[in-house]
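Dear colleague,

I am handing over the structure below, together with some notes on what was found in it. Please read the notes with the coordinates open beside you.

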Amino acid sequence: MPINEADIEKIAKLAHIDITADELQTFVPQIAGIVTYVEQLNAVDTTSIEPALGGLTPAGEATEASRADEVQPSLGQKIALSEAPDAAAGHFRVPKIL
Amino acid sequence: MTFLGKSANDLVDLVTQGQVDAKAIAQQSLDAAESLNPQLNAFLQIDREGALARAASVSTGALAGVPMAIKDNICVRGMQASCGSKILGDYQPPYNATVIERLLQAGAVITGKTNCDEFAMGSSNENSAFGVVRNPWDARRVPGGSSGGSAAAVASGIVPVALGSDTGGSVRQPASLCGVIGLKPTYGRNSRYGLIAFASSLDQVGVFGRSASDVATVLGVIAGRDPHDATTADVPVPNYASELKGSVAGARLGFPRALFGEGLEVEVRKSVLDVVDVYRQLGAEVVDVELPHASYAIAVYYIIATAEASSNLARFDGVRYGFRAEEADELRQMYRKTRDEGFGAEVKRRIMLGTYVLSAGYYDAYYRKAQQVRALIKNDFKSAFERCDAIITPTSPSTAFMIGEKVDDPLSMYLSDIYTVTANLAGVPGINIPCGLSAENLPIGFQLLGPYWSESTLLRLAYAYEQLQPFKKHPPVFAAVPNSI
């Protein structure tokens, strides 16, 4: 299916990325070309093939991944906030939401 | 005494026997990094102070005193982790990745963080927000990617071993283009905790080195189950170093004839076919195998990897860490501006492609379809490994290409990974081994792929090849820095 400017604008919005008019001009043919390329998969008969979900090996799938529900040490508030662009009074401050 | 160019295992012997101070080794590695970085741009951070302090306290361990370079998408406490992106910039993670904890426990000395394609997305290192890495063999050419900085640092002799990450070939392909060994272990062999995620079902930390035995040593240190990463498997870790030297006579080497056709440079084909003959001389049996769905691997990869990336990279929103765009007075506007200004073109392209293939109405047509073909690729390997112990292919269809040659054509860049992505899709291990130089004096590599958990076999095959056909060539800058002591 051909991808057009409106599609890319919609995707950019879904992905929370502002893109400039120049970027739009570049991305439309590039992404359209990649989508056309990946559509070669339509030639593969996948009737009754179960999708491979995730990358686990059989040994990985057999490995017990759960752990005891016990409190573990964590970073703590001070360290967790230490790399924030705008930390204030023990929380992440952001521009207004409404 | 100069330590540059020595193997990691030799350095460990010198340090643990008390013949050499780890600090002297670190000093030379740091000097070399600082001296060569203006040419190569392989390092984004060189931590002289931290490395020397660390070296002063090291005298034991499987990697005692070994200087190591770490790709800048792996978290090392006290150092930056930019992922080659403006959106993280000089972000300093407050914890160590599990692989780093294990390296440090084994006595390794981390000298710096290496340049890479932004969020490991690329095959040339040209997508780094901090400039391209230059190939040590020819500064006009790319080192491959995305772990180009780590590959260049090992190839030029600055460090004997380094870590990278491999999502579609990002350790093996730059290893090939720079003439070093690069190993991507089985999915789940080592921990991804602290590896900043690109595509979680494909990502795996990998090892660069100049010899199979050095790579075996590092893998032995970092491999194993980690409670912090539920996808690590509870599979015993062999003693890779002691299993290295066994005979390969009788090993069955799978030869997928169809992969040696169109699109492969003539010199690369010839060189890899010569390798097949070397294995015959070593007593291996060469058997024809087929991977019928391999030709679909790039298409499958660019659906699955971008879908996972669009989800993983949603966390970069200017709130908890890294860069935030200024002059946004509303939250969603801040997200959009931050991500527009913080991400480079390739990352945006992939996030948007991933968003598209996951969006309403397209999920079944693209994502589900890709996961089905992924299942077929896994089955191809399963069938092939019933007939052989390892499969040989080229690692990259070409030697190192010119900087700028493919930047405007993402699809042609993606095809650089045509031989490597299948291993990530199937979860099997793969290794690049250098096997020669082209007429233009550029390294050529071959790849061995094995069944799950067969790293010992791959390393043994690599070691046997090295004994018969040692790749002793080095780029002109190799260990160019004189002894600083």
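A residue is called buried when its relative accessible area is under 20%, exposed when that area is over 50%, and partly exposed in between. Please keep in mind throughout that this is a predicted model.

By that scale Arg320(B), at 30% relative accessibility, counts as partly exposed, whereas Asp317(B), at 13%, counts as buried. The side chains of these two residues, Asp317(B) and Arg320(B), meet in a salt bridge with an N to O distance of 3.9 Å.

Over all chains the count of salt bridges comes to 21. One of them links Arg172(B) to Asp166(B), with the closest N and O atoms 2.9 Å apart, and both of these residues are buried. Another joins Glu346(B) and Arg350(B), where the closest N and O atoms lie 2.6 Å apart; because the two are four residues apart in helix H11 (residues 345-358) of chain B, about one helical turn separates them. Both Glu346(B) and Arg350(B) are buried. Salt bridges with shared partners also connect Asp138(B), Arg140(B), Arg141(B) and Glu440(B) in one network.

Turning to helix H1 (residues 8-16) of chain B, the residues Ala8(B), Leu11(B), Val12(B), Leu14(B) and Val15(B) are buried. They lie on the same side of H1(B), because the arc they cover around the axis is only 165°. The cover over the buried residues of H1(B) includes helix H2 (22-40), strand E2 (67-71), strand E4 (161-165) and helix H7 (212-222) of chain B. After H1(B) comes Gly18(B), which has a positive phi, near 75°.

Best regards

Methods. Residues are numbered from 1 along each chain as its sequence is written. Chains are lettered from A and ligands numbered from 1 in the order in which they are written. This is a predicted model: local features need pLDDT of at least 70, side-chain atom pairs count only at pLDDT 80 or more; totals for chains, interfaces and linings use all residues. Side-chain values use heavy atoms; hydrogens and water are left out. Buried means under 20% relative accessible area, exposed over 50%, partly exposed in between (1.4 Å probe, protein chains only). The arc is that of the directions from the helix axis to the C-beta atoms. Contact means heavy atoms within 4.5 Å. A salt bridge is a side-chain nitrogen of Lys or Arg within 4 Å of a carboxyl oxygen of Asp or Glu.
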